[in-house]
Amino acid sequence: MSPDLAQQLLLKTLLPLSLLIAAGAIWPRWQSGISIVGLRGEINRLVLNFFAPMLFFAAGASATVDLSILQVPLILGLATLFGLGLAALALFATPLGRGLSRPQRGAIMLASGFGNILFFGYPFLSTVYGEAGARYPFFADMLAATPLLWSVGVWIAFRCGKHAEHASFLSMW
């Protein structure tokens, strides 16, 4: 990796994420009258309802759909399911998860199975591969990560969470 590419990766990917994390750490000390939970909810709504749809539309409208773009979500979906299976095996069938509660095991499975594909992948791949690489994280997120998170991920959270209700995977839908 060339020094110029490494510098661009730092500036376009890691610096903005670091600044967001730092802002989240500084904000409660600077603005003590604002609810952090409420603010987090508003930021999430802004990202999910405004920024993400604009990015998805821009990527989808300009992308040429071919076999190479459709292979990415397929491979990501299979890798995610395989990784979740390994995490479940490690946490529920080995001594690794023995001292952990079910909610802790579920949280570890969700964190290990679902990454930030879109908002970390887009700046990284567009820096490394240019415009040609920028389309892959969108299709991977739209066609694999998000559907799996809202199906298998919700089921994992439901099965491992603390509540009185019980339901099968299919009855939840």
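Trainee: Leaving aside neighbours within four places in sequence, which residues is Arg135 in contact with?
Mentor: Ala63, Thr64, Asp66, Ser68 and Ile69. Contact means heavy atoms within 4.5 Å. Before we go on, this is a predicted model: local features need pLDDT of at least 70, side-chain atom pairs count only at pLDDT 80 or more, and totals for chains, interfaces and linings use all residues. Residues are numbered from 1 along each chain as its sequence is written, and side-chain values use heavy atoms, with hydrogens and water left out.

Trainee: Where is Arg135 found?
Mentor: In the loop between helix 6 (131–134) and helix 7. Helices are DSSP runs of H or I with at least four residues, strands are E runs of at least two, and numbering starts at the N terminus.

Trainee: Is Arg135 buried or exposed?
Mentor: Arg135 counts as buried, because its relative accessibility is 17%. Buried means under 20% relative accessible area, exposed means over 50%, and partly exposed is in between, with a 1.4 Å probe and protein chains only.

Trainee: And what does Leu17 count as?
Mentor: Partly exposed, at 26% relative accessibility. Leu17 has its place in helix 1 (residues 3–30).

Trainee: Zooming out, how many helices and strands does the chain have?
Mentor: Seven helices and zero strands. The C-alpha trace spans about 50 × 50 × 35 Å along its principal axes. Of the 173 residues, 24% count as buried.

Trainee: What share of the contacts with a separation of 6 or more comes from residues 24 or more positions apart?
Mentor: 60% in this chain.

Trainee: Now packing. At what angle do helix 3 and helix 7 pack?
Mentor: About 25°, with the axes of helix 3 (residues 67–92) and helix 7 (residues 136–160) 8 Å apart. That makes helix 3 roughly parallel to helix 7. Angles under 35 degrees count as roughly parallel, over 145 as roughly antiparallel, 65 to 115 as roughly perpendicular and the rest as oblique. Axes are lines fitted to C-alpha atoms, for helices over the stretch in contact, and angles run from 0 to 180 degrees between N-to-C directions.

Trainee: Which residues make that contact?
Mentor: Helix 3 gives residues including Ser68, Ile69, Leu76 and Leu84. Among those from helix 7 are Phe139, Leu143, Leu148 and Ile156. By class, the contact of helix 3 with helix 7 has 18 nonpolar, three polar and no charged residues. Ala, Val, Leu, Ile, Met, Phe, Trp, Tyr, Cys and Pro count as nonpolar, Asp, Glu, Lys and Arg as charged, and the others, Gly among them, as polar.

Trainee: How do the axes of helix 4 and helix 7 cross?
Mentor: At roughly 165°, coming within 8 Å, where helix 4 is residues 102–113. Helix 4 and helix 7 are therefore roughly antiparallel. Helix 4 brings Arg102, Pro103, Gly106, Met109 and Leu110 to the contact, and helix 7 brings Gly153, Ile156, Ala157, Arg159 and Cys160. The classes are six nonpolar, two polar and two charged.

Trainee: Which residues form the largest nonpolar core?
Mentor: Nine of them: Leu84, Ala87, Leu91, Met109, Phe114, Leu148, Val152, Ile156 and Cys160. A nonpolar core is a set of buried Ala, Val, Leu, Ile, Met, Phe, Trp, Tyr and Cys residues joined through side-chain atoms within 4.5 Å.

Trainee: Which element gives the most to this core?
Mentor: Helix 7, with four residues. There is also a second, separate core of five residues, including Ala52, Phe56, Leu118 and Phe138.
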